[in-house]
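Here is a short walk through one protein model. Keep the sequence and the 3D view side by side as you read.

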Amino acid sequence: NDLIIFDRGYPAFELFEYCISYKFTFLMRLRRKFNTSIDKMSLGCHNFILTQDTKSIKVIIIKFKLPKGEIETVITNLFDYSLGQKAFKELYFRRWPIETLYSKVKHKLEIENFSSRTEESIYQDYYITIFVHNLISISSKKAQYICDDARKHKKNKYKYKINFNNAVGVFKNRFVLVLITEYAAQRHDIINEIITNMTKKVIPIRPNRSIKRNKTPRKANFHHNQKSNC
């Protein structure tokens, strides 16, 4: 009963056919000019027979408008007509937490910026980065509970969350002391200090906020290809 949500670049007749034959339910974003008949469709949900050579498959096409006026088109084999356009729109954006996770490990923790060229070192860098990310996430979650409790009686316009950039900085500057400290009580105090410092920097959660995609990103993701200490 799982729904597999794909981002841009995945749609292909062969993949649709594969998912349907193995009874996978999918939801994918379509690019313009994938199919001219789909491009001409109006907003809303539409039954559609997609053909290639002598083969054909039945799908649903959903077209909806984004806050900035752009038209988004998605395709699915989830034949639940009671959901409607709004529900499919919300389902597709359920992928966003995964996208933000990729952004954190790629751009904040530099998982693709390896400190060595050997196979063993690349594996080591990869698993250490994932381990560090998990520790920061656990610490941030504890800090978020403290932050939410402190703000529960305040009438703020927005909800607030822990600033991940600050959490990374706080963690990498202090956690090494946890690893080298001999006494458990001291380790406990340092961990509490890390969590407390994370609560000091929060950012508002603005609903429906969108950031314009950079169509010409720079080729070098990291300055002089040097890995930050973490």
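This is a predicted model: local features need pLDDT of at least 70, side-chain atom pairs count only at pLDDT 80 or more; totals for chains, interfaces and linings use all residues.

Begin with the open sheet, which has five strands in the order E1-E2-E5-E4-E3. Their pairing is mixed. Strand E1 (3-6) and strand E3 (44-52) stand at the edges. Each has a single partner strand, so one side of each lacks a neighbour in the sheet. From one strand to the next, the twist averages 25°.

Now look at one pair within the sheet. Strand E2 (residues 25-30) and strand E5 (residues 71-76) run antiparallel, joined over four bridges. Leu27 stands opposite Thr76 in E5.

Helices come next. Helix H1 (residues 13-21) packs on the sheet and touches E1, E2, E3, strand E4 (55-65) and E5. The direction of H1 makes about 105° with that of E4. Helix H3 (residues 84-92) also packs on the sheet, touching E1, E2, E3, E4 and E5. For H3, the angle with the direction of E4 is about 90°.

How many salt bridges does the structure hold? There are five. One of them links Arg29 and Glu72, with the closest N and O atoms 3.0 Å apart. Arg29 lies in strand E2 and Glu72 in strand E5, so this pair ties together parts 43 residues apart in sequence. Arg29 is buried, at 18% relative accessibility. Glu72 is buried too, at 7%.

Another salt bridge joins Arg95 and Glu99 at 3.8 Å, N to O. Arg95 is buried at 9% relative accessibility, whereas Glu99 is partly exposed at 24%.

Asp149 and Lys152 also meet in a salt bridge, at 3.1 Å. Here Asp149 is partly exposed at 47%, and Lys152 is exposed at 54%.

Technical notes:
Residues are numbered from 1 along each chain as its sequence is written. Side-chain values use heavy atoms; hydrogens and water are left out. Two strands pair if DSSP finds at least two bridges between them. Helices (H or I, at least four residues) and strands (E, at least two) are DSSP runs, numbered from the N terminus. Axes are lines fitted to C-alpha atoms, for helices over the stretch in contact, and angles run from 0 to 180 degrees between N-to-C directions. Contact means heavy atoms within 4.5 Å. A salt bridge is a side-chain nitrogen of Lys or Arg within 4 Å of a carboxyl oxygen of Asp or Glu. Buried means under 20% relative accessible area, exposed over 50%, partly exposed in between (1.4 Å probe, protein chains only).
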